[in-house]
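Please keep the structure open beside them and look up each residue as it is mentioned.

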Amino acid sequence: MGLHTRPATVIVKLLQNCKSNVSFTYKRETINAKSILSILMLAAKKNSNITITVDGEDASKVMGQLEKAFETGFGE
Amino acid sequence: MYSVQDLHEQHGGRLDFELIAGKNGMKKRIKVPEAHRPGLGLSGFLKGYSYKRILICGRVEIEYIRDLEPETRVERLEAILSAQTPMVIVTRRYRPPKELIQICDQKEIPLMRTSMATMSLLSKLTMLLSEEFALSMSCHGTLVEVFGVGVLIQGDSSVGKSEAALGLIERGHRLISDDIVKIRKREGGYLEGSGAELTRHHMEIRGIGIINVANLYGAVCVRDYKSIDIVVKLETWDDKNFYDRVGLDEKCCDILGIKLPFYTLPVKPGRDVVLLLETMALNHRLKGMGYNSAKEFSTKLFEKISGKPGKKVPKSEEAYN
């Protein structure tokens, strides 16, 4: 169904304690992925392309977790 | 990418557009925010002529085309119209010459007719286009109007931006946007912030969830857009950091090439952020009215210790003397 409230909650929860700056870019709009409203604002549909940028000391760890979450469909 | 279709959909009603020909070219991009009357180009002088501009044909142009021989008409029109031309507008509801209609259909250039007078269309169109082509960006933060001052609150996640905004709303100030602010550089060198279409007037408060401020507190507590006057960065109190204690040196930040007063506000339990933000906004207004509390105080002190009342303080010695 795309990035609706539940997956967005999963993402925000996952990023809550990470130190890196995480941003999503979709349709030329870049947002802070730690804020749920920003993710929801993107209103990204299913199978759309989102560019994820992670910058910080725990970047690779965070990226791995995010990839896993996206691949498993946020536990759906 | 701003296309002719976007312009037609967004402002077609106000500009009274009526599509005559060239329907297939509606997806055409408008590349430069310029509209142009092709007077000289129509007479055959094409040195330095640019095809990227929107063409506007007013009374003079239409009369001139009518006066030309049919063959010359086609020749001249073909010379000024190219596949790059985004659109042609005929004003005052003139009926476009059939040659113009043909060429527009052929080259897929949308041809519009409007009842507006040429000059007023030209000025309105220029204004709309320059707004549409203005520099813009979106940033993470919250925009609130406090005593008429547009305060952009920035800071890391969970530092308390939304909570501060909620407190301000509760005291009768207005929310423009929470979390994500779209900033646009406006004519006249100021910045205007607004919210995203979908999340406008919504806030996310940890522990409560997503709330609609306009519904909770009423229409008086929200605004769609507001100029940004000051930027405040909230950060968690750091004992090692030295925070501004006097307020004599003013910091600035740069957004889209415009300098804005910038304040750092440390947050810790016991500091009423809402009250502090209100004070900042008021102090900013006071400065705008020509009164700077910190400078005034420092001048008074200078007079007192130098023992010469009323002496004008040289600018360089004003600070900390």
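1. Chain B of this predicted model has a mean pLDDT of 89, and 96% of its residues reach 70 or more. Within chain B, confidence is lowest in strand β6 (residues 136–140), where the mean is 88, and highest in strand β7 (residues 142–146), where it is 96. For the model, the scores are ipTM 0.76 and pTM 0.76.

2. Chain B is divided into domain 1, covering 4–132, and domain 2, covering 136–290. Taken over C-alpha atoms, the centres of domain 1 of chain B and domain 2 of chain B are separated by 44 Å.

3. An open sheet in chain B is formed by five strands in the order β1-β5-β4-β3-β2, and the pairing is mixed. Its edge strands are β1 (18–21) and β2 (35–36) of chain B, each of which pairs on one side only. Helix α5 of chain B packs on this sheet, where it touches β1, β4 and β5 (111–113) of chain B, and the direction of α5(B) makes about 85° with that of β1(B).

4. Is B:Gly39 buried or partly exposed? It has 13 other C-beta atoms within 10 Å, and because a residue needs 20 or more to be buried and 12 or fewer to be exposed, B:Gly39 is partly exposed. Leaving aside residues up to four places away in sequence, B:Gly39 touches B:Val60 and B:Glu61. B:Gly39 and B:Ile56 are 17 residues apart in sequence, and their C-alpha atoms are 9.6 Å apart in space.

5. Helix α7 (residues 161–170) of chain B is largely enclosed by the rest of the structure, because seven of its 10 residues are buried. The buried residues of α7(B) are B:Lys161, B:Ser162, B:Ala164, B:Ala165, B:Leu166, B:Leu168 and B:Ile169. Just after α7(B), B:Gly172 takes a positive phi of about 95°.

6. A:Lys27, although it is not a glycine, has a positive phi of about 50°, and A:Lys27 is found in the loop between β1 (21–26) and β2 (29–32) of chain A. With 10 other C-beta atoms within 10 Å, A:Lys27 is exposed. B:Arg92 also has a positive phi, near 55°, and its place is in the loop between β4 (88–90) and α5 (98–107) of chain B. B:Arg92 is partly exposed, with 15 other C-beta atoms within 10 Å.

7. The last point concerns the contact between the chains, which takes 11 residues from chain A and 12 residues from chain B. On the side of chain A that touches chain B, the elements that give two or more residues are β2 and α2 (36–42) of chain A. Which element gives the largest share of that side? It comes from α2(A), with five residues. By class, the side of chain A that touches chain B has six nonpolar, three polar and two charged residues.

Notes: Residues are numbered from 1 along each chain as its sequence is written. Chains are lettered from A and ligands numbered from 1 in the order in which they are written. This is a predicted model: local features need pLDDT of at least 70, side-chain atom pairs count only at pLDDT 80 or more; totals for chains, interfaces and linings use all residues. Helices (H or I, at least four residues) and strands (E, at least two) are DSSP runs, numbered from the N terminus. pLDDT is the predictor's confidence in each residue, from 0 to 100. Two strands pair if DSSP finds at least two bridges between them. Two residues are in contact if their C-beta atoms, placed from the backbone, lie within 7 Å. Axes are lines fitted to C-alpha atoms, for helices over the stretch in contact, and angles run from 0 to 180 degrees between N-to-C directions. Ala, Val, Leu, Ile, Met, Phe, Trp, Tyr, Cys and Pro count as nonpolar, Asp, Glu, Lys and Arg as charged, and the others, Gly among them, as polar. Domain bounds come from an automatic or database domain assignment.
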